[in-house]
Amino acid sequence: MLQKPFTIAISGKGGTGKTTISSLLVRSFIELGEAPVLAVDADPNANLHEALGVTVRETLGSMREEAFTRTIPPGMNRHDYVKYRFRQALVEAEGFDLAAMGRPEGSGCYCFANDLLSECMLNLERDYHFIVIDTEAGMEHISRGTIGKPDMLLIVSDPGARGLRTISRIREIATQLGLEKEKIHVVFNQYKSGTAPVDIGDESPIAIVPDDPAVESADLAAYPVSLIPAGSPARIAVRALAEKIRAMAREKGSG
Ligand SMILES: Nc1ncnc2c1ncn2[C@@H]1O[C@H](COP(=O)(O)OP(=O)(O)OP(=O)(O)O)[C@@H](O)[C@H]1O
Ligand SMILES: [Mg+2]
């Protein structure tokens, strides 16, 4: 029997490492034998594909526009056409698929389109154990309901006091939107050894990812960050995070 996939949304302030952590999570799940993973780039300034080392031909945003303005092929209704195009827009790679949401073009009502897209996502979902969604800074997607309700929300933050306000703001919005408190976790990123991470209250971070020169070099060389050497500190930390998430997903009976 096919199981419901376990959906993880990665949020956080701009530049905290959402895309880096998302791509390393995808890589880790594959290593753990959980392929295929669905990676969703929900950031309009999408760059998850670069972190994963694949090319995106088109985004769902542009496809959505086209699927609703163009004449559809004879013998196909619009519904089927959108589904068909959705499959086409999906990037299939070794161990994972990638869907880039992009930016919806034009204006007008997308309610019908959005419903269809959610349905396509649902249809797709059946194939995957884990879905990793890299979101834009802020909580736009979750508040608009575009990505539905994730099984887990990770808030990526720097481990200093500066991140505290964003952590509590995102927590607050997510809770208001009906996400249970126990599904929200903090990931400290770019932790420098010798420093003490800030206290985030009654709950400890689910992972602390070190500041890693390999991540920086990959960035400078425009090399896919998910492919940094297996012994790199950031990769080891995210792999441990993936194992933790998998254990939690299994407890829930999905993933
Ligand atoms: N653990 C790390 N060690 C070293 N550098 C890191 C680490 N994590 C992220 N970085 C660097 O920090 C920068 C921002 O990372 P990233 O693009 O993943 O953040 P983001 O939250 O997705 O940003 P945006 O909000 O622009 O989408 C990049 O230059 C990246 O290489
Ligand atoms: Mg990003």
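Strand E5 (residues 130-134) has five of its five residues buried, so this strand is largely enclosed by the rest of the structure. A residue is termed buried if 20 or more other C-beta atoms lie within 10 Å of its own, exposed if 12 or fewer, and partly exposed in between, with C-beta atoms placed from the backbone. Helices (H or I, at least four residues) and strands (E, at least two) are DSSP runs, numbered from the N terminus. The structure is a predicted model, in which local features need pLDDT of at least 70 and side-chain atom pairs count only at pLDDT 80 or more, while totals for chains, interfaces and linings use all residues. Residues are numbered from 1 along each chain as its sequence is written, and chains are lettered from A and ligands numbered from 1 in the order in which they are written.

**Strands E5 and E1**

In a regular strand the side chains alternate between the two faces of the sheet. From E5, Phe130, Val132 and Asp134 point one way, and Ile131 and Ile133 the other way. Strand E1 is likewise described: seven of its seven residues are buried, so E1 is largely enclosed by the rest of the structure. Phe6, Ile8, Ile10 and Gly12 point one way from E1, whereas Thr7, Ala9 and Ser11 point the other way.

Two strands pair if DSSP finds at least two bridges between them. The table lists pairings in the sheet.

| Strand pair | Bridges | Sense |
|---|---|---|
| E1 and E5 | five | parallel |
| E2 (residues 37-41) and E5 | five | parallel |
| E1 and E6 | five | parallel |
| E3 and E4 (residues 96-100) | three | antiparallel |

Isoleucine 8 stands opposite valine 132 in E5 and opposite methionine 152 in E6. Valine 91 stands opposite leucine 98 in E4.

**The sheet as a whole**

The protein has nine helices and eight strands. The eight strands form an open sheet with mixed pairing, in the order E3-E4-E2-E5-E1-E6-E7-E8. Strand E3 (91-93) and strand E8 (207-210) stand at the edges with a single partner strand each, so one side of each is left without a neighbour in the sheet. From one strand to the next, the twist averages 20°.

Helix H7 (residues 163-176) packs on the sheet and touches strand E1 (6-12), strand E6 (152-157) and strand E7 (184-191); the direction of H7 makes about 160° with that of E6. Contact between two residues requires that their C-beta atoms, placed from the backbone, lie within 7 Å. Axes are lines fitted to C-alpha atoms, for helices over the stretch in contact, and angles run from 0 to 180 degrees between N-to-C directions. Helix H9 (residues 233-252) lies across E1, E6, E7 and E8, and runs at about 160° to E8.

**Helices H1 and H9**

Two packed helices are described by the angle between their axes and the distance between the axes. H1 and H9 pack at an angle of about 65°, and their axes are 9 Å apart. On the H1 side, the contact is made by Ile21, Leu24, Leu25, Ser28, Phe29 and Glu31; on the H9 side, by Ala234, Arg235, Val238, Arg239, Leu241 and Ala242. These residues divide into eight nonpolar, one polar and three charged. Ala, Val, Leu, Ile, Met, Phe, Trp, Tyr, Cys and Pro count as nonpolar, Asp, Glu, Lys and Arg as charged, and the others, Gly among them, as polar.

Leucine 241 is found in helix H9. With 23 C-beta neighbours inside 10 Å, leucine 241 counts as buried. Apart from neighbours within four places in sequence, leucine 241 is in contact with Leu25, Val187, Ile206 and Ala207. The C-alpha atoms of leucine 241 and isoleucine 206 are separated by 7.2 Å, although the two residues are 35 residues apart along the chain.

**The shell around ligand 1**

Ligand 1 is surrounded by 19 residues, the closest being Gly17, Lys18, Thr19, Thr20 and Asp219. A residue belongs here if its C-beta atom, placed from the backbone, lies within 6 Å of the molecule. Helix H1 (18-31), E7 and helix H8 (213-220) each supply at least two residues of the shell. The shell divides into four nonpolar, nine polar and six charged residues.

**Overall figures**

Of the 255 residues in the protein, 41% are buried. Among contacts in the protein with a separation of 6 or more, 75% are accounted for by residues 24 or more positions apart.
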